Amino acid sequence: MKRGAVRGIYSMTLFRKLVSIKGTLLTLLLPAGIGLMAIAWLIHGSLLERMSREFVESRLKDEVAFLELNIRQADGKIDMLKTGDYFEKVFHHAFAIQSPDQTNISPLSWQPLLMPLLQFDGDESVRVQDATIASAPSDILAYRKSFVVNGVPIKVIVSEDMGALKNSQAELHAWTAIVSILLVFLLVGVIWFGINLSMRPVVSLQAALKRLQSGEISRIDAEAPEEFRPLVLQLNQLLDSLDQRLERSREALANLSHSVKTPIAAVRQVLDDTSRPLDNSVRHEMGSRLGDIDRQLEAEMRRSRFAGPQIGKSAYPVKQARDLLWMLGRLYPEKSFELSTSLTDEFRWPIEEHDLNEILGNLLDNAGKWSAECVELSLEQRNGLAQIVVTDDGSGVSENDQVHLGQRGRRLDEQTPGHGLGLAIVREIVARYEGETSFSNGSKGGLKVLVEVSI
Amino acid sequence: MRLLLVEDDRLLAEGLASQLEKAGFSVDVTGTAKEAMLLGVQEDYRAAVLDLGLPDGNGLDVLRKWRRDNANFAVLILTARGDWQDKVSGLKAGADDYLAKPFQAEELIARLSAIVRRSEGRVLSSVKAGHFELDENRQCLKIDGGTEHSLTGTEFRLLRCLMSHPGHIFSKEQLMEQLYNLNESPNENVIEAYIRRLRKLVGPETIETRRGQGYLFNDAV
């Protein structure tokens with residue numbers, strides 16, 4: 001097997017397009033890891049933002065409540081409150097208090113920012129962003145509350161500069177980003193390590209394949225991970241059957257050339273000798289030598305055509321049987337060839353198609369030759385056994401002679417044309433499938449052949 | 001008796017031709033598929049010996065062309081490959097018998113005489129009913145639209161019986177006469193099994209069951 005072919009098989013069975021497992025894992029896991037980190041970082045950012053805003057808001061609410069309490073204690077007289085930067089000093093916040101006749105804003109520089117907010121009613125927090133007022137912050141969060149003290153409506157606003165908070169928040173977020181990136185690198189390392197560790201047996205498998213190609217070893221004996229064990233097993237089985245086949249075909253060819261070349265030499269000798277007259281006895285001799293060659297060729301060729309059990313090969317027994325029965329019905333028009341089966345037309349047996357044809361064809365042809373009127377083929381499958389039964393209504397074979405049926409070189413009758421090879425071929429193929437061929441007498445006196453192959 | 005011998009091996013063709021002539025045939029010999037196709041259709045032969053491996057085409061194609069053009073003489077095919085599948089396809093294409101090379105001239109002549117005798121009384125006979133046509137010579141069922149099913153002996157006889165009188169009810173006992181199998185006492189279950197198989201070919205409605213009476217072939221379906 002060429003290197004390209006091995007690689008081809010790998011990439012076809014494992015992945016459609018990608019070249020290596022390592023590459024696939026990296027291209028899958030790395031972007032996924034980075035993507036997840038980025039999502040986590042973004043969520044972290046928005047959570048941080050929401051948390052800080054909620055925190056500031058609750059503080060502003062507290063302060064408004066505190067101011068309200070103070071105003072209520074002063075019976076609504078705003079000028080009685082401690083003004084100036086008292087509150088600013090206490091809370092570090094700006095505020096505005098408005099009654100119908102007075103507005104206090106502290107610090108004064110925030111006035112342009114807070115004045116517009118005082119024009120609305122209702123208790124709510126307001127966010128002002130991107131304000132462009134000199135000496136006042138551009139981004140504030142304010143909480144406004146309206147209430148009535150002694151019949152006087154009062155509005156209070158407390159607000160905080162969000163700019164400073166935002167800066168520290170951004171810093172924290174940036175740090176998170178740095179930590180995330182570091183974690184991504186760590187993840188890459190861990191993934192790489194994990195892949196390498198789990199791929200180690202595959203690498204040894206790869207090395208074993210290389211050594212197999214270069215001929216250093218004849219079978220793969222590497223420790224394969226469980227997922228690859230069936231693959232290794234099948235590969236080894238394939239190699240075994242290739243070896244066997246090579247051996248068989250060599251042997252067959254050796255036999256053939258041995259048994260064919262001698263008669264050819266003899267015939268040529270006769271033909272080359274111009275002085276020798278070709279009388280009838282010589283002709284007859286030459287004819288029988290050619291007959292020998294043909295018999296040998298036929299036998300070896302048939303044998304070499306048997307496939308034997310093969311992975312991925314199956315046949316439709318019912319369809320093939322119907323074709324053969326029909327054909328034999330045409331060849332022996334006075335005889336009836338019948339099928340009895342409970343299998344459907346689409347039923348499959350893991351027997352190579354040509355092999356099954358040889359089994360069925362030879363059995364039926366043999367039965368056809370001997371039968372008086374009828375041949376019956378039965379196909380069944382029971383308890384994991386494929387059963388082929390061929391019964392004829394001929395004169396049958398005595399039990400003593402049944403032992404010799406299907407043995408090479410034995411023919412019980414010399415009158416029917418044919419080489420008498422049929423049953424021997426059936427026996428040989430069935431033996432390849434580790435099945436059994438047995439002979440018995442049929443109910444009407446003919447021969448009954450039973451072939452059983454476990455499937 | 002005119003015979004067409006299609007064989008591209010000159011030595012074999014010459015030898016065979018002279019043997020066949022000795023046996024009483026008047027033999028035309030050709031070595032190409034093209035000429036064989038023409039001759040088979042133009043001339044009036046009683047039999048043909050056809051080699052499957054021709055230099056300019058497959059013998060099976062020649063045979064199919066003959067049969068398509070209603071050349072119905074007996075055909076014996078010669079093949080070098082003794083494959084069962086080859087034999088099946090040869091007979092499906094319309095051959096009457098096959099002989100694997102090498103063979104003895106006597107056997108060839110004996111087989112030829114047998115198939116000529118068989119084809120002698122042969123007329124184009126078929127039973128038609130509804131969408132179905134039963135070819136009696138080839139023992140197969142043709143369905144409108146061109147599909148062809150080969151039948152076993154009993155299937156053929158049962159179907160011929162039913163199709164020859166569409167609409168007529170045949171009792172199980174009557175049908176049993178068409179049956180031939182190795183059972184000592186053929187019973188009604190066997191008939192039912194065959195009817196089930198035939199229904200798979202012609203459709204469940206075409207063969208109707210009349211409870212207690214028997215079966216009929218409905219050609220109106």
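**Reading the model feature by feature**

Reply: Let us begin with the helix α4(B) and what comes after it. This is a predicted model, and in it α4(B) is followed by B:Gly94, whose phi is positive, near 120°.

Me: Which residues of helix α4 of chain B are buried?

Reply: A residue is called buried when its relative accessible area is under 20%. In helix α4, which spans residues 84-92 of chain B, the buried residues are B:Trp84, B:Asp86, B:Lys87, B:Val88, B:Gly90 and B:Leu91.

Me: What covers the buried residues of α4(B)?

Reply: Both chains contribute to the cover. From chain A it includes α7 (280-305), α8 (317-331) and α9 (353-370), and from chain B it includes α3 (59-68), β6 (74-79) and β7 (97-100).

Me: Why does B:Asp86 count as buried?

Reply: The relative accessible area of B:Asp86 is 18%, so this residue falls under the 20% limit. B:Asp86 belongs to helix α4 of chain B. Leaving aside residues up to four places away in sequence, B:Asp86 touches B:Thr79 and B:Arg81.

Me: Where does the charged end of B:Lys87 sit?

Reply: For such a feature, one looks at the position of the charge relative to the ring. The charged end of B:Lys87 is placed over the ring of B:Trp84, 4.0 Å from its centre.

Me: Let us turn to sheets. What is the order of the strands in the open sheet of chain A?

Reply: The open sheet has five strands in the order β6-β7-β8-β10-β9 (chain A), and the pairing is mixed. Its edge strands are β6 (336-341) and β9 (436-441) of chain A, each of which pairs on one side only. From one strand to the next, the twist averages 15°.

Me: In which sense do β6(A) and β7(A) pair, parallel or antiparallel?

Reply: Strand β6(A) pairs with strand β7 (residues 374-382) of chain A in the parallel sense, over six bridges. One of the residues to look at is A:Ser340, whose bridge partner in β7(A) is A:Ser378. Helix α8(A) packs on the sheet and touches β6 and β7 of chain A; the direction of this helix makes about 165° with that of β6(A).

Me: How many aromatic pairs are there over all chains?

Reply: The count comes to four aromatic pairs over all chains. In B:Tyr45 and B:Phe73, the ring centres are 6.2 Å apart and the planes stand at 85°, so the pair is edge-to-face. B:Tyr45 lies in the loop between α2 (33-42) and β3 (47-51) of chain B, and B:Phe73 in the loop between α3 and β6 of chain B, so the pair ties together parts that are 28 residues apart in sequence. B:Tyr45 is buried at 4% relative accessibility, and B:Phe73 is buried at 7%.

Another edge-to-face pair is formed by B:Phe132 and B:Phe217, with 6.1 Å from centre to centre and 80° between the planes. B:Phe132 is in strand β9 (residues 132-135) of chain B and B:Phe217 in strand β13 (residues 214-217) of chain B, so this pair ties together parts 85 residues apart in sequence. Here too the residues are buried: B:Phe132 has 7% relative accessibility and B:Phe217 has 0%.

Me: Which residues do ring pairs link into a cluster?

Reply: The cluster consists of B:Tyr45, B:Trp66 and B:Phe73.

Me: Is A:Asn150, with its positive phi, buried or exposed?

Reply: A:Asn150 is a residue other than glycine with a positive phi, near 50°. A:Asn150 sits in the loop between β4 (140-149) and β5 (152-161) of chain A, and its relative accessibility of 59% makes it exposed.

Me: Finally, which element of chain A has the lowest mean pLDDT?

Reply: Helix α1 (residues 3-14) of chain A has the lowest mean pLDDT, 45, among the elements of that chain, and strand β8 (residues 385-392) of chain A has the highest, 93. For chain A the mean is 81, with 89% of its residues at 70 or more.

Note on methods. Residues numbered from 1 in each chain as written. Chains lettered and ligands numbered in written order. Predicted model: local features only at pLDDT ≥ 70, side-chain atom pairs only at ≥ 80, totals over all residues. Heavy atoms only, no water. Buried < 20%, exposed > 50% of the residue type's maximum accessible area, 1.4 Å probe, protein only. Helix = DSSP H or I, 4+ residues; strand = E, 2+ residues; numbered from the N terminus. Contact = heavy atoms within 4.5 Å. Pairing = 2+ DSSP bridges. Axes fitted to C-alpha atoms, helices over the stretch in contact; angles between N-to-C directions. Phe/Tyr/Trp six-rings, centres within 6.5 Å; stacked < 30°, edge-to-face > 60°. Lys NZ or Arg CZ within 6 Å of the ring centre and 35° of its normal. pLDDT = per-residue confidence, 0-100.
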